[in-house]
Amino acid sequence: MTTWTANQDQLKLFNQIADDFKKTHPEIKSITFDSLPPADYSTTLTTQLAGGDAPDLAWVFDTDATDYVNSGTLAPLTSTLKATAGYDYSDLSSSATKLWTAKGQLYAYPFSTSPFIVFANDSLLSQAGLPTSAQMKANGTWTWPDIMQAASQVNAKTGKGGVVVNNFNYQDWTTLVGIWNSFGAAPWSSNGKTCTFDSPEMESAFSLINKAIRDKAMPGPGTTVDFFSGGAAFEVAQISSAGLLAKAGFKWDVNPLPAAKDGAAANVIGQAGLGVIAKGKNAEEASKFLAFFTNPDNAKKLAAYFPPPRTSLQTADTLAATNPVLSADQLNNVVIKSLSDAVTRPGHVNQAQIAKKVQTALTPMWKPNADVSGILKNVCSSVKPLLEG
């Protein structure tokens, strides 16, 4: 099984579960976990698949889900999981499994379902003479324009960063989904055939981002700012980053993703799926192991590191083990509520090629006073052949 974690505590748990499985399956002589570097994970896995050296099971990024689910790369799991005694298939959240389902079949278990939230440095906001994030929510100014304005003021008054979007770095544009999704925008139509980067909603979202760069509400290209060491007012990241605040030297809070201007905010989750490679040498045995690896008892153990897709485990008590720095109120009113009706980062068949073309076409967007409309039209021109193909 390939993974992108090299965390020794996590791998120790994986091996303990594997040992328990082998006790009742003596035909299985060995179960190994191959840790691949996250930055090269998708490329390495694709190379293995193409070269006939596929693993039996693999973790899959949410952005690669559409490609893997629709290409026949993954084996269907529904029958195996439903037939496994005590599995309780109905406990899997329908919103969590949606990305990994096609034609009524589940093709990967969403082992990690982590909502995107906004971390706030309330000490830095107060230093700049601004309301805390809780006060912003209370007085109705928890919107993206309000946050960008506050971020710009923080930079002007303290010299610190404003809004940091985790892992964006002006390359991985998919991480901006927490902003554009609140405007009702999407990069392409629901069937994946039509580019919608040039929609009015997406133009509004990128106009906000471009203005934020110009106003220094967001650190510009080539600038590295670490929120968790006190370097910025806000960070958009998955809740799994909360542990980095255990020794923070400032007052902080966690908040849901904001609305665009008015109306309700839109939730976004980051996911990773665990699937069986259909053409693997041990697909049948791998499916049985996946069912054991993700059964209710083991899912609870895995929840210590990975937010679970089981509704019975999406409670403050369970999630407190994963995020001990968060209060029950923060878990109930921010984390758990952020799992409801959430979307994932965009994915598509030929995702790697599309992502690269979008990244290149968006490059002029990061300059002040960019031609937002023209750039987004060019994005669509660049990816149209891939979407239609």
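Helices and strands here are DSSP runs, with helices of at least four residues and strands of at least two, numbered from the N terminus. The model shown is predicted.

**View 1. L176 sits in the loop between β7 (161-165) and α9.** L176 is buried, because its relative accessible area of 0% falls under the 20% cut-off. The C-alpha atom of L176 is separated from that of V165 by 7.2 Å. Along the chain, L176 and V165 are 11 residues apart.

**View 2. Confidence across the predicted model.** The protein has a mean pLDDT of 93. Of its residues, 100% reach 70 or more. Among the elements, helix α6 (residues 122-127) has the highest mean pLDDT, at 98. Helix α13 (residues 316-322) has the lowest, at 81. Where pLDDT is low, predicted coordinates should not be read in detail.

**View 3. The second largest pocket and its lining.** This pocket holds about 1000 Å³ of space. It is lined by 35 residues, and T66, L99, W188, S190 and G347 are the closest to its centre. Several elements each supply at least two lining residues: α3 (65-71), β4 (101-102), α9 (177-180), β11 (343-344) and α16 (372-388). Helix α3 gives the most, with 4 residues. By class, the lining has 16 nonpolar, 15 polar and 4 charged residues.

**View 4. Helix α1 (residues 8-23), end to end and around its axis.** Helix α1 has 16 residues. At 1.5 Å a residue, α1 should span 22 Å. The buried residues of α1 are Q10, L11, L13, F14, I17, A18 and F21. An α-helix has 3.6 residues a turn, so residues three or four places apart point the same way.

**View 5. Helix α15 (residues 351-362), with a buried face.** Helix α15 has 12 residues and should span 16 Å at 1.5 Å a residue. The end C-alpha atoms of α15 are 16 Å apart, in agreement with that value. Q351, I354, A355, V358, A361 and L362 are the buried residues of α15. Seen down the axis, they fall within an arc of 135°, so they line one face of the helix. A352 and T360 are exposed on the face of α15 turned away from this buried side.

**View 6. K216, a residue other than glycine with positive phi.** Phi of K216 is near 60°. K216 belongs to the loop between α10 (200-214) and β8 (232-238). K216 counts as exposed, because its relative accessibility of 53% is over the 50% cut-off.

**View 7. D341, a residue other than glycine with positive phi.** Phi of D341 is near 50°. The loop between α14 (328-336) and β11 contains D341. With a relative accessible area of 68%, over the 50% cut-off, D341 is exposed.

Note on methods. Residues are numbered from 1 along each chain as its sequence is written. This is a predicted model: local features need pLDDT of at least 70, side-chain atom pairs count only at pLDDT 80 or more; totals for chains, interfaces and linings use all residues. Side-chain values use heavy atoms; hydrogens and water are left out. On a 1 Å grid over the protein atoms alone, a cavity is a set of points where a 1.4 Å probe fits but cannot get out, and a pocket is an open set with protein on both sides within 12 Å along at least five of seven lines; lining residues have an atom within 4 Å of a point. Grid points are joined across faces, edges and corners, and a volume is the space filled by probe spheres set on the points. Ala, Val, Leu, Ile, Met, Phe, Trp, Tyr, Cys and Pro count as nonpolar, Asp, Glu, Lys and Arg as charged, and the others, Gly among them, as polar. pLDDT is the predictor's confidence in each residue, from 0 to 100. The expected span of a helix is 1.5 Å times one less than its number of residues. Buried means under 20% relative accessible area, exposed over 50%, partly exposed in between (1.4 Å probe, protein chains only). The arc is that of the directions from the helix axis to the C-beta atoms.
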